[in-house]
Amino acid sequence: MSPRDRIPVPARLGVNELTVTAISGDDIALRGTAPGTSLAVELGGNAGATTMMNGLAITLVAIADGKAVLRIAPAQGR
C-alpha cells in the first residue's frame, strides 16, 4: 500500500472503501467511508498492530520505505 491507494472492501462489513491517507516512518493512516459517516484510524509501531473499523480487522503486517502491507479481514463474529 502507498498513500492514496484505495482498498475495496465488502460493504456488508460496514465500510465501503478504505483509502491510505499517509505513511510516515512506522505509521500508516487510513480513512474509511460508510453510509453517512467517515472513519479514520492509524496503525504503527510494529508488525501485528491491529485496529477495528466497523466490521473490519486491519492488521499491519510490515511497513518500510513509505509502503505498507496490511491484512484486512472480517472482525471476529462477522
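This is a predicted model: local features need pLDDT of at least 70, side-chain atom pairs count only at pLDDT 80 or more; totals for chains, interfaces and linings use all residues.
1. Asn-54 deserves attention for its backbone: phi is positive, at about 50 degrees, although the residue is not a glycine. Asn-54 lies in the loop that links strand 5 (50-53) to strand 6 (56-64). Its relative accessible area is 40%, so Asn-54 is classed as partly exposed.

2. A positive phi also occurs at Asp-65, near 50 degrees, again in a residue other than glycine. Asp-65 sits in the loop between strand 6 and strand 7 (67-74). Asp-65 is exposed because its relative accessible area of 78% is over the 50% cut-off.

3. As background to both points, most residues other than glycine have a negative phi.

4. Strand 3 (residues 27-34) and strand 4 (residues 37-44) are paired in the antiparallel sense, with eight bridges. Within this pairing, Gly-32 has Leu-39 of strand 4 as its bridge partner. The two strands form a hairpin with two residues between them. In that turn, Gly-36 has a positive phi of about 80 degrees.

5. Is Thr-51, with its relative accessible area of 17%, buried or exposed? Thr-51 is buried, because 17% falls under the 20% cut-off. This residue belongs to strand 5. Leaving aside residues up to four places away in sequence, Thr-51 touches Val-41, Leu-43, Leu-56, Ala-57 and Ile-58.

Methods
Residues are numbered from 1 along each chain as its sequence is written. Side-chain values use heavy atoms; hydrogens and water are left out. Helices (H or I, at least four residues) and strands (E, at least two) are DSSP runs, numbered from the N terminus. Buried means under 20% relative accessible area, exposed over 50%, partly exposed in between (1.4 Å probe, protein chains only). Two strands pair if DSSP finds at least two bridges between them. Contact means heavy atoms within 4.5 Å.
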